[in-house]
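Please study the sequence and the structure shown below before reading on.

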Amino acid sequence: MRFAMLAPGLAPHDAVSNDALGMCAALRAAGHEVSLFAPHARGIAEPVLDPHRIEGWLRSADDCVIYHYCVGWDFALALLRRLRARRIVRYHNITPPDFFADWSPGYVAACQEGRAQLDAFAALGCDLYLGDSPYNLEDFTTRGVPAQRCAVLAPFHEVEQLAGLAPDVRRIPDGAPLLLMVGRIAPNKNYLELIDALAASVAMDLPNAHLLLIGKLDPNLARYGEALQERIAMRGMQAHVSWLQDANGTELRAAFERSRMLVMLSRHEGFCVPLVEAMALGTPVVALATAAMPSTLGDAGLLWPEDADAWLIGASIARLHADDALHAQLRARGQARYAAQYAPASLARRLQQILAEHAFT
Amino acid sequence: MKPDPATPDLESIKAEIRSAAAAARARAPLPRVDPAPRAQAAASDGIERERLDYDVSELTGLDHGAFVDNAYRALLKRNPDEGGAGLQLHLLMTGADKTEILGNLRWSAEGRHIGARVRRLRLRYVLAKLSRLPLVGYPVGWLLALLKLPAMLRDQRLLQAALCERASLLAMAQATLQRQLEQLEVAQRGLVAQAPHRDEQARQLAARVDAVERAGAELRTDLQAAARERADVSAAIEPLRHYVHTTHHWLTSLREGMVELEAAATREQRRADELVAALVAHEAAQESPAQAHRDWAATLAQHLPAGALVMDLGSGDGAWPAALIGQGLAVAAVDANAVLVARAQARGIHVALGDPAAVLARCADASVIALSLSATLLGDAVTAARLFDEARRAMADGAPLLLRVETGAAPAALVNDARTAAAWLQAAGFGEPRTLAAQARVAVLVHKR
């Protein structure tokens, strides 16, 4: 059976690209013939074909296209409409545009455009809607897609490669405790409240707390970056925050190893791969129970409702720093959850199981 | 299933965290530092975000990548993303009109949201799109071409004139190049003439290169040897580091052991002091020493001027110094037992806490005019001999020494009666002893000869 893996773009260390490449490897290991299709690709160690060739590449109606839906893309919608082969929509979610309303008209328009296609994809009646999380699938089930055509598969990732790297600590700051946040600098990641929580923890007998931010700032979100700097200054946290925009894998590895905890206050995540990285590398998590985060993290972290304020997060940080037994418990739970649900072998088994249940073999 | 008592209960921990947060929330608001007033920041990326009115000619003047960049920045108020720019350039390279690119951007979802006005664009965009439609597009294309015919003829004439000018410039450039070529040929002939000389220089250069390569090979050998030595040193350092760590660990353990021993010794000393104090109190309870002390003090006072300073070593609970003070004498009292010193302080007698033998050793020669010793200080023969030697050194000639033997079962069993005390004092070189007895207590008075 042939699988055409279609994505709007492929790049190294990108979550959607990692998922597409991981699925390719798992399907090939199961004996299928797989090829990647994308209009743009760089740094990918295998041939990536022009999406216009996809219909010629598929040989029969039993072959399958897996489309990684993460932005609005008219070409993909038109292709899936006219295609006679079997179709899987692999949905990674699209951030609601409201998050960007105060920061970037371009982002608002792009997110609106992407989410505007949800109705059209739901109406296509594809063979399978494969969400990263139960939260993601709600976008389709609320649009009338029957549950039996839906399945959850956590995204493939490169955590194992990350774990195998030698940590490079040269640019990793000290902190007592050192707090970590990983993710692009964007409004839905809630960096402003994260700074407030840091200020609260410093005020709660943690004068040496330090927050390490690892994430890039898109120039089109420069205003949000300025707002973040202003919030840091407003709370007097300049000496308590370090920001690495260009961290490589070895530095990310060192950051997880040195940090006492990952503090993830994001308001919208379709899955949140950094949580998986934290679980695998033994870094406990303090997070908000928003979007997909509860299903990703399970009981392996301190989860708070989304109305939790800075003081509650600050108190959680202080407690997790001081309580070694709690720290060890969350660390053990995270590692067990990773091994059971997110290890590559588990993901590959789950993919095979889903394909078998939906008669794709 | 019963919860594991060793495993923290998350819900109860969360309740404790909520309480801690509530307490912190009630204590103070989040810190807030008013930022310094900022100058109006100029847009660092050069995008005119406030400008929403353009003429199409402003946007079509540039070419290729510069045209696409400018269109994105004007119509979408951002720099082009990699994929988008690639797509627009692809359209340009496949013959699309610039107005079609501008229209695509202006009437995209993002462009509509921004809503920039581009004068004279709408009609051109519609016509460009119409010309791409099947069937309709062909006559529309013809119509557009017909309408543009006068302008196209003018462009053609302009092009012809420009080409002629370009041909003229090219002819001039060709003539210049021809002259340069001739000069080069002359230079080449000169070089050919110098070829033999160059060959000799090349041989010399080759010899130098050989020498440099040999030096390089030697340097590489030296570097390899240095690397081996470094590896050897690294290998030797590792056991040394291990030894240092082991020694450090041993010293740390030793220090901790010493601290424990010192603490135990302090406790033992305290216990011993308490025992001695209890014994003194017990004996005082059995028989009050007050009368004996008054008698001895009176006898001693007879040998001293009024207000003379008596050095009293082993003063105990202050009863004896009190008797001396009662006879109008001054007393410098010292005892090593912290419990007895505290008891003396409680009765208003100042007794210094310290080693009596050390105090005596610090006294200048012949500076003590009267000395009182407790027999409890004579723990053994060596101690007694040293103490009496020091006493003789420090005492003035003829000064009296009174040795008190008060505690029958005292830890110092070396001297526990008048006869032994007198023998020791005589052996130490003091004058004729005089025994001052009072029931169970006894004192011996001597003078330095």
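The bounds of a domain, as the word is used here, come from an automatic or database domain assignment. The structure is a predicted model. In chain A, the assignment gives domain 1 (2-156) and domain 2 (161-342).

- The centres of domain 1 of chain A and domain 2 of chain A, taken over C-alpha atoms, are separated by 29 Å.
- Contact between them involves 18 residues of domain 1 of chain A and 20 residues of domain 2 of chain A.
- The size of an interface is often given as the accessible area lost when the parts come together.
- Between domain 1 of chain A and domain 2 of chain A, about 1500 Å² is buried, and carbon and sulfur atoms give 70% of this area.
- Of the area that domain 1 of chain A buries against domain 2 of chain A, 41% is supplied by A:Phe99, A:Trp103 and A:Tyr107, which is more than any other three residues supply.

**A pair of helices**

- Helix α1 (residues 15-29) of chain A and helix α15 (residues 344-357) of chain A have axes that come within 10 Å and cross at roughly 70°.
- Angles of 65 to 115 degrees count as roughly perpendicular, and α1(A) and α15(A) are therefore roughly perpendicular to each other.
- The crossing of α1(A) and α15(A) is right-handed.
- On α1(A), the contact is made by A:Met23, A:Ala26 and A:Leu27, and on α15(A) by A:Ala348, A:Leu351, A:Gln352 and A:Leu355.
- Of the residues in this contact of α1(A) with α15(A), six are nonpolar, one is polar and none is charged.

Note on methods:
Residues are numbered from 1 along each chain as its sequence is written. Chains are lettered from A and ligands numbered from 1 in the order in which they are written. This is a predicted model: local features need pLDDT of at least 70, side-chain atom pairs count only at pLDDT 80 or more; totals for chains, interfaces and linings use all residues. Side-chain values use heavy atoms; hydrogens and water are left out. Axes are lines fitted to C-alpha atoms, for helices over the stretch in contact, and angles run from 0 to 180 degrees between N-to-C directions. Helices (H or I, at least four residues) and strands (E, at least two) are DSSP runs, numbered from the N terminus. Angles under 35 degrees count as roughly parallel, over 145 as roughly antiparallel, 65 to 115 as roughly perpendicular and the rest as oblique. A crossing is left-handed if the near helix is turned anticlockwise from the far one by less than a right angle, and right-handed if clockwise. Contact means heavy atoms within 4.5 Å. Ala, Val, Leu, Ile, Met, Phe, Trp, Tyr, Cys and Pro count as nonpolar, Asp, Glu, Lys and Arg as charged, and the others, Gly among them, as polar. Buried area is the accessible area (1.4 Å probe) that two parts lose on being put together, summed over both.
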